[in-house]
Amino acid sequence: MTKSKEETPSEEAEGPDGGVWAWVMVGALFVSSGFVFGLMRSLGVFFVEFVQYFEESAQAISWITSIAVAAQQFFSPMGAALCNAYDARIVVMTGGCLAGLGFILASQATCLAHLYLTMGVITGLGWGLVFTPMVVSVMGYFTRRSALALGLGFSSIGLSSFIFNPLFQLLVEKYAWRGALLIMGGLSLNIVPCGALIRRQKQSKAPAKVDSDGRSCSARLQRIYRYLELSVFVERPFLTFCAAITLFNAGYFVPYVHLVALSRHVGFSEYQAAFIMSVTGATDILGRVVSGWSAARGCMRMVHILILWTSLTGVFIILLPLSSMSGSYPVLLTVSLLYGFCGGALTSVVFPVVPQIVGVERMMGASGLVQLIESIGGLLGAPLSGFLKDVTGNYLASFVVAGSFLLLGCLILTTLPRFFQCRDPPPSSETFLG
């Protein structure tokens, strides 16, 4: 009886791969991911508007999205540490408020520096406090079907991209870019009730407590060290994975910043360009679900599935500007559909690989640190593409370099220990690949 009472506060942890609240949390991830990455992917609609209004180069405008992406990833360890120290519910709700505040303030911007601070830093900070805690909260309910759960939760990203791109194009024409950003701020506040659904889960091992008073400097440093899971930095498999993901990140977001501009550059209309991003989002949905379902079947190792989808994504990114050279809208649309499918598929299997590398107990902190490191790629990828466009006058070099980053990351992943084994090790709290 005592044991039963002790477990009552964690009644939602009803065992691996199940429980009603597990699927409620998948729904919360579905909504919150849509308002984080759906909005992030829709920022390309504003690219041409900002270039014309502020009369700046493509490289300078590219920094807005890059700072937002990098800030989301850079602040993820802080979100993970705050969840370890306090309550994930409060962290996510605070993040939702900051994300909305950033867009609302951006609607009053008078120079690019204001957009860098508001859409970039403030909104990115809010996203960083939302994403990792939501992902890890869902993964805490699943083992074998974690990729499927994340695939379903992330499928909203493609759906929201499908809806938001033409919607924001319409809003920009009706209310100008300032009004559209104000509406985006209001939409972002819907993340707050998603955070309110998070429940505390029973953990088999909480971060070790150091010096109950916590007043000495060494005790505080040790607490920070444990909350952030900094011990993973001495493990080669983790560093190898981070290097690969950083390269993925340098190229992955480039089409979401420049594909609309590429489409308009080769002569397609504003709505044709926005529609390409929309249908890319539609196939993104299918890719996430198919990838999660296939991973749950266990026919291939998770890391092998990740390399498969990432290499295909890199190839199709390279083909995007080549397909536009024909001037054929159906050809560009077809390649965009394939890119969207593979790009969505790879995201469903990135985070399920993390516990296989560092162990289940360090999943929260390690997931945040992965995003911290990959923020370097997110920060530099789009501005580099903008610079190449300014230098060459077209987007060919931009997309070829972006796709090459993903292919190089795949090569780095093949150096993981025991990479060429055919089956994943069984789940445990220990590291699997190192």
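Author: Let us begin with a cut-off: angles under 35 degrees count as roughly parallel, over 145 as roughly antiparallel, 65 to 115 as roughly perpendicular, and the rest as oblique. The model shown here is a predicted one.

Reader: Why is helix 4 called roughly parallel to helix 7?

Author: Helix 4, which covers residues 58-74, packs against helix 7 at an angle of about 25 degrees, with the two axes 6 Å apart. That angle is set against the limit of under 35 degrees, and helix 4 is therefore roughly parallel to helix 7. The crossing of helix 4 and helix 7 is right-handed.

Reader: Which residues form the nonpolar patch on the surface, and which elements give two or more residues to it?

Author: The patch consists of Phe30, Val31, Leu159, Phe162, Ile163 and Leu167, which together have about 420 Å² of accessible area. Two or more of its residues come from each of helix 2 (20-41) and helix 8 (146-188), and helix 8 gives the most, with four residues.

Reader: How do you know that Leu167 counts as partly exposed?

Author: Leu167, which is found in helix 8, has a relative accessibility of 31%. Buried means under 20% and exposed means over 50%, with partly exposed in between, so Leu167 counts as partly exposed.

Reader: And what makes Phe30 partly exposed?

Author: Phe30 is found in helix 2, and its relative accessible area of 30% makes it partly exposed, given that this term covers the range between under 20% and over 50%.

Reader: How many salt bridges does a search of the whole structure find, and what makes the contact between Asp284 and Arg288 a salt bridge?

Author: The search finds one salt bridge. The side chains of Asp284 and Arg288 meet with a distance of 2.4 Å from N to O, and the definition asks for a side-chain nitrogen of Lys or Arg within 4 Å of a carboxyl oxygen of Asp or Glu, so the contact between Asp284 and Arg288 qualifies.

Reader: Why are Asp284 and Arg288 separated by about one helical turn?

Author: Asp284 and Arg288 are four residues apart in helix 13 (residues 270-297), and this spacing is why about one helical turn separates them. As a general point, an α-helix has 3.6 residues a turn, so residues three or four places apart point the same way.

Reader: Are Asp284 and Arg288 buried or exposed?

Author: Asp284 has a relative accessible area of 0% and is buried, and Arg288 is buried too, with a relative accessible area of 2%; the limit for this label is under 20%.

Reader: Why is helix 5 described as largely enclosed by the rest of the structure?

Author: Seven of the 10 residues of helix 5 (residues 76-85) are buried, so the helix is largely enclosed. The buried residues include Ser76, Pro77, Gly79 and Cys83.

Reader: What makes the phi of Glu55 worth a comment?

Author: Most residues other than glycine have a negative phi. Glu55 is not a glycine, yet its phi is positive, at about 55 degrees. Glu55 is found in the loop between helix 3 (47-54) and helix 4, and at 70% relative accessibility it counts as exposed, the cut-off being over 50%.

Reader: Where does Arg418 lie, and why does it count as partly exposed?

Author: Arg418 lies in the segment after helix 17 (396-413), and its relative accessibility of 43% is why it counts as partly exposed. Arg418, although not a glycine, has a positive phi of about 55 degrees.

Note on methods. Residues numbered from 1 in each chain as written. Predicted model: local features only at pLDDT ≥ 70, side-chain atom pairs only at ≥ 80, totals over all residues. Heavy atoms only, no water. Patch = residues over 30% accessible without salt bridge, like charges linked within 9 Å, V, L, I, M, F, W, Y side chains within 5 Å. Areas by Shrake-Rupley, 256 points an atom, 1.4 Å probe, with all protein chains shown as cover. Buried < 20%, exposed > 50% of the residue type's maximum accessible area, 1.4 Å probe, protein only. Axes fitted to C-alpha atoms, helices over the stretch in contact; angles between N-to-C directions. Left-handed = near helix turned anticlockwise from the far one by under 90°.
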